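Here is a short report on helix packing. Keep the sequence and the 3D view at hand while reading.

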Amino acid sequence: MARPKSQNKKQALLAAATAAFAETGIAASTSVIARNAGVAEGTLFCYFATKDELINQLYLTLHSELIQTLASGLIADKTQPQKNARCIWQSYINWSIHHPVEYKAIRRLSLSERISDETRRQAERMFPEVINICQLSIKPVFQSDDYRAFGDALFLALAETTIKYASDSPTRAHELIDLGFETMWQALHNEVRQ
């Protein structure tokens, strides 16, 4: 009879994978991940059948943590898209600054072709209220299949710049986060719905 799996070991593996992927990308070896989690490499495969399964599970775990953070600051009034967009922006930047390893890992995972389409769909369905709020304030062109990736890339480029400068200059972080938001808002917001 197989022994029950330990939640602590699974969490240790996910934490070790987060650090490894943040540091070296998804090329990080499963042996390094297992060693850093304090388990044998074979144990890793008791929890995740393949490295791709580990990568996809970690993506969902990190995405869930991030989206919960984004959703926690939303206001109930959907007629205030700019206030909600500011809350999402502020939460995203703050989470990224305070969780630099997780932020770097999720950014690297997001770019990986090893994240399955089904995993990406699962991530999108986690917190539909965040997506709905975003759609209220984003230009329709950036919601189309042809330009969604471009709009996402613009948002992330502005966010990464804001995160870097706010992290490097904590005394000016609030000012830089506000300026980053204003720049993002001018680039992506839908004036018609204001």
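The model is predicted.

**Helix α5**

Helix α5 covers residues 81-98, 18 residues in total. At 1.5 Å a residue it should span 26 Å, and its end C-alpha atoms lie 25 Å apart, so the two values agree. Its buried residues are Pro81, Asn84, Ala85, Ile88, Trp89, Ser91, Tyr92, Ile93, Trp95 and Ser96. An α-helix has 3.6 residues a turn, so residues three or four places apart point the same way.

**Two helix pairs**

Two packed helices are described by the angle between their axes and the distance between the axes. The table gives these values.

| Pair | Angle | Axis distance |
|---|---|---|
| α1 and α6 | about 70° | 8 Å |
| α5 and α8 | about 125° | 9 Å |

Take α1 (residues 7-24) with α6. At about 70°, α1 is roughly perpendicular to α6, because angles of 65 to 115 degrees count as such. Their crossing is left-handed. From α1, the contact uses Thr18, Ala19, Phe21, Ala22, Glu23 and Thr24; from α6, Val101, Glu102, Lys104, Ala105, Arg108 and Leu109. By class, six residues of this contact are nonpolar, two are polar and four are charged.

Now α5 with α8. The angle is about 125°, and the two helices are therefore oblique to each other. The crossing of α5 and α8 is left-handed. On the α5 side, Pro81, Asn84, Ala85 and Ile88 take part; they meet Val130, Ile133, Cys134, Leu136 and Ser137 of α8. The contact of α5 with α8 has seven nonpolar residues, two polar ones and no charged ones. Pro81, Asn84, Ala85 and Ile88 are also among the buried residues of α5.

**Leu58**

Is Leu58 buried or exposed? Leu58 is buried, because its relative accessible area is 1% and the cut-off for buried is under 20%. Leu58 is found in helix α4. Leaving out residues up to four places away in sequence, Leu58 touches Leu14, Ala17, Thr18, Phe21 and Leu109. Of these, Thr18 and Phe21 of α1 and Leu109 of α6 also take part in the contact between α1 and α6. Gly73 is 15 residues from Leu58 along the chain, and their C-alpha atoms are separated by 24 Å.

How values were computed
Residues numbered from 1 in each chain as written. Predicted model: local features only at pLDDT ≥ 70, side-chain atom pairs only at ≥ 80, totals over all residues. Heavy atoms only, no water. Helix = DSSP H or I, 4+ residues; strand = E, 2+ residues; numbered from the N terminus. Expected span 1.5 Å × (residues − 1). Buried < 20%, exposed > 50% of the residue type's maximum accessible area, 1.4 Å probe, protein only. Axes fitted to C-alpha atoms, helices over the stretch in contact; angles between N-to-C directions. Parallel < 35°, antiparallel > 145°, perpendicular 65-115°, else oblique. Left-handed = near helix turned anticlockwise from the far one by under 90°. Contact = heavy atoms within 4.5 Å. Nonpolar A, V, L, I, M, F, W, Y, C, P; charged D, E, K, R; others polar.
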